[in-house]
Amino acid sequence: MEELLQLDKVLFLFLNGLGTEGWDGFWLIVTDKKSSIPLYATLLFFTYKSFGLKRTLLVLLMVALLITVTDQLANFFKYGVKRFRPCHDEALIELMRLVKNRCGGKYGYFSAHAGNSFAIASFFVFLLQDRFKQYRYLLLVWAALVAYSRIYVGVHFPLDVLTGALIGLFFGWLFSKLYIFTHQKIRV
């Protein structure tokens, strides 16, 4: 396990070190939660257009539960595992680029940004798989960009991001199935 964590640090330093000042602004926008609001509004529009008001309200409820579960699980792991963020790891501070103006909490396993973005992306990929097929991969690209941004700005290791992405994919799939089951039971 120690060897894997050491490899993760090496990979982090490599990926984080690829950054340049010219790209820092872009990645700070990508990593900012508020920059996803236009995407969320677009998803809301497509959902309403495809399903109508009642089913859209059910989708919103599912998304709220999905984000709550993913986010709280990330907090549970962060304080259960207690793995330092790269920007709090004394051995890495002088070797890495911290692009954000602050590091964030002390612990970072797993990345809630990665978990939440992949949860939302996969939920809508599964939910809208018969509609808007040409756009669904853009959601996964968006999630991957958000996830990578956490390494770029210096606040998460690659394993933090990978774990968050996998957990997000799983919960996105699970909640899409829960939506379908709920929709069929209550006939919204």
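This briefing walks through the salt bridges, the nonpolar core and a surface patch of the structure above. The model is predicted, so local features need pLDDT of at least 70 and side-chain atom pairs count only at pLDDT 80 or more, while totals for chains, interfaces and linings use all residues. Residues are numbered from 1 along each chain as its sequence is written, and side-chain values use heavy atoms, with hydrogens and water left out.

**Salt bridges**

- The model has four salt bridges, a salt bridge being a side-chain nitrogen of Lys or Arg within 4 Å of a carboxyl oxygen of Asp or Glu.
- One of them pairs Arg83 with Asp8, with the closest N and O atoms 2.8 Å apart. Arg83 sits in the loop between α3 (37-81) and α4 (112-127) and Asp8 in helix α1 (residues 2-17), so this pair ties together parts that are 75 residues apart in sequence. Helices here are DSSP runs (H or I, at least four residues), numbered from the N terminus.
- Another joins Lys9 to Asp89, where the closest N and O atoms are 2.9 Å apart. Because Lys9 belongs to helix α1 and Asp89 to the loop between α3 and α4, the pair links parts that are 80 residues apart in sequence.
- Arg83 also meets Asp160 in a salt bridge (3.2 Å, N to O). Asp160 lies in helix α6 (residues 158-186) and Arg83 in the loop between α3 and α4, so here the tied parts are 77 residues apart in sequence.
- Through shared partners, Asp8, Arg83 and Asp160 form one network.

**Burial of the charged residues**

- Both Arg83 and Asp8 are buried, meaning under 20% relative accessible area (1.4 Å probe, protein chains only).
- The relative accessible area is 12% for Arg83, 11% for Asp89 and 0% for Asp160.

**Nonpolar core**

- The largest nonpolar core has 46 residues, and Val59, Phe123, Phe124, Leu127 and Tyr179 have the most contacts inside it. Such a core is a set of buried Ala, Val, Leu, Ile, Met, Phe, Trp, Tyr and Cys residues joined through side-chain atoms within 4.5 Å.
- Helices α1, α2 (21-31), α3, α4, α5 (133-152) and α6 each supply at least two residues, and α4 gives the largest share, ten residues.
- Leaving aside neighbours within four places in sequence, Leu127 is in contact (heavy atoms within 4.5 Å) with Phe51, Val59 and Tyr179.

**Surface patch**

- Leu44, Tyr48, Leu53, Leu57 and Leu60 make up a nonpolar surface patch with about 490 Å² of accessible area together. Patch residues have over 30% relative accessible area and no salt bridge, with nonpolar side chains (Val, Leu, Ile, Met, Phe, Trp, Tyr) joined within 5 Å; areas come from the Shrake-Rupley method with a 1.4 Å probe.
- Leu60, in helix α3, has a relative accessible area of 40%.

Notes:
Buried < 20%, exposed > 50% of the residue type's maximum accessible area, 1.4 Å probe, protein only. Patch = residues over 30% accessible without salt bridge, like charges linked within 9 Å, V, L, I, M, F, W, Y side chains within 5 Å.
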